[in-house]
Amino acid sequence: MFPRRVLCGIQPSSVPHVGNYLGAVKKWIDLQNSGDNLVVMLADLHAVTIPREPEVLRKSILETAASLLACGIDPKRSIIYRQSQLPHHTELNWLLSTLTTVQKVAHIPTYKSKVKDDAPIPLGLFLYPVLQSADILLFKTTHLPVGEDQIPHLQLCTYMIEKFYHYYKQNIFPVPELLATETNRIRSLRRPEQKMSKSDFEERARIDIMDDEDVIRERVMKALTDFNSQISYDRQQRPGVSNLIDIYAGISGQSIETIVKEAQRDNLNTGAFKKQLAQLIIEHFRPKRLEYLKLLDDRSHLLSILENGRERAREIADKTLNEVKDVMGL
Ligand code: AMP
């Protein structure tokens, strides 16, 4: 009943890191190249849930766009645009907020984990999953390539679809399905018990995919491992070295077993393995980085790609929003 459409969202608060790349971007490109209709949304409205330095944000939105294009998002096949350039998101956000309850949203684990006792709670943080549902429903998204941590958000979205049907008796939204990403969560290079994150205050904890070669090498070489210098895989007991193996597997496409077996066969210690990994990352991203720098050099071309994406996104968003308002009697 609904054509297959995939929504891919990323906060453009900084260039994607290796975790974003392996857990999301690489997967999006595979989907695109196997014929899926992709909407790639630079989630800049989500990025200002925490107020940002405007000039830094403006710059990183363009850098994120350039890095996605350089990695293989093809603007002829996929729609790539900035969320803040379509007011439809915030309008649908309001309409959807009438379909859920404060209790339901407060129950979401990602929200609960961010709320500290007695500290003031930014309202935007609370409403974040409702805006996310608006993003999903605006495009009548059928598939979402996101991690399992997003399941509670997806459940909220499904709840609102049910409520919409309950009140208005019209079935206008597909229930989106999660396209689980197979890669393990990539973890921080400094605290491997946590995931690699853009919001980590310690820059050394991550590798941004467009970092220059020296930075990549230095961050890999300084990644925290343990006192055992052998290569073996155990995410619980040896999170540091296992994380490096996960990155190696994600980029090379080799299985974890093969990587460990070969490292043991070649008698590699963690230092030598890190050297190999750094080289692998550098070579993988080298051509992409050249393309990225070229794209950033031609700002008007980059802006015209985003503008074109916006117009194509607007066509879909106009239709959905008009339909929703019509059904609601507005
Ligand atoms: P964000 O940076 O939060 O906008 O995330 C963009 C996408 O990257 C989402 O689909 C996340 O699930 C994915 N992602 C973020 N951090 C990681 C990580 N450390 N490992 C794997 N995937 C990640």
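These exercises work through ring pairs and helix packing in a predicted model.

**Exercise 1. Classify the ring pair Phe164 and Tyr168.**

Solution. 
- The structure holds seven aromatic pairs.
- In this one, the ring centres of Phe164 and Tyr168 are 5.1 Å apart.
- Rings pair if their centres lie within 6.5 Å, so this distance qualifies.
- The planes stand at 50 degrees, so the pair is tilted.
- Now place the pair in sequence. Phe164 and Tyr168 are four residues apart in helix H8 (residues 151-168), so about one helical turn separates them.
- Finally, check burial. Phe164 has a relative accessible area of 1% and is buried. Tyr168, at 26% relative accessibility, counts as partly exposed.

**Exercise 2. Classify the ring pair Phe164 and Phe173, then find the cluster that holds these residues.**

Solution. 
- The centres of the Phe164 and Phe173 rings lie 5.4 Å apart.
- Their planes are at 65 degrees.
- Angles over 60 count as edge-to-face, so that is the class of this pair.
- Phe164 and Phe173 are both buried.
- Ring pairs join Phe164, Tyr167, Tyr168 and Phe173 into a cluster.

**Exercise 3. Locate Lys104 relative to the ring of Tyr159.**

Solution. 
- Lys104 lies over the face of Tyr159.
- Its distance from the ring centre is 4.2 Å.

**Exercise 4. Describe how helices H10 and H11 pack.**

Solution. 
- Two packed helices are described by the angle between their axes and the distance between the axes.
- H10 covers residues 239-252, and H11 covers residues 256-265.
- The angle is about 115 degrees, with the axes 9 Å apart.
- That makes H10 roughly perpendicular to H11.
- The crossing of H10 and H11 is right-handed.
- For the contacts, H10 supplies Ile245, Asp246, Tyr248, Ala249 and Ser252. H11 meets them with Ile256, Ile259 and Val260.

**Exercise 5. Repeat the analysis for H9 and H12.**

Solution. 
- H9 spans residues 213-221, and H12 spans residues 270-297.
- These helices pack at about 150 degrees, with their axes 9 Å apart.
- Angles over 145 count as roughly antiparallel, so H9 is roughly antiparallel to H12.
- H9 and H12 make a right-handed crossing.
- On the H9 side, the contact residues are Glu213, Ile216, Arg217, Val220 and Met221.
- The H12 residues they meet include Gly271, Lys274, Leu277, Ile281 and Arg286.

Technical notes
Residues are numbered from 1 along each chain as its sequence is written. This is a predicted model: local features need pLDDT of at least 70, side-chain atom pairs count only at pLDDT 80 or more; totals for chains, interfaces and linings use all residues. Side-chain values use heavy atoms; hydrogens and water are left out. Rings of Phe, Tyr and Trp (its six-membered ring) pair if their centres lie within 6.5 Å; planes under 30 degrees apart count as stacked, over 60 as edge-to-face and the rest as tilted. Helices (H or I, at least four residues) and strands (E, at least two) are DSSP runs, numbered from the N terminus. Buried means under 20% relative accessible area, exposed over 50%, partly exposed in between (1.4 Å probe, protein chains only). A charge sits over a ring if NZ of Lys or CZ of Arg is within 6 Å of the ring centre and within 35 degrees of the ring normal. Axes are lines fitted to C-alpha atoms, for helices over the stretch in contact, and angles run from 0 to 180 degrees between N-to-C directions. Angles under 35 degrees count as roughly parallel, over 145 as roughly antiparallel, 65 to 115 as roughly perpendicular and the rest as oblique. A crossing is left-handed if the near helix is turned anticlockwise from the far one by less than a right angle, and right-handed if clockwise. Contact means heavy atoms within 4.5 Å.
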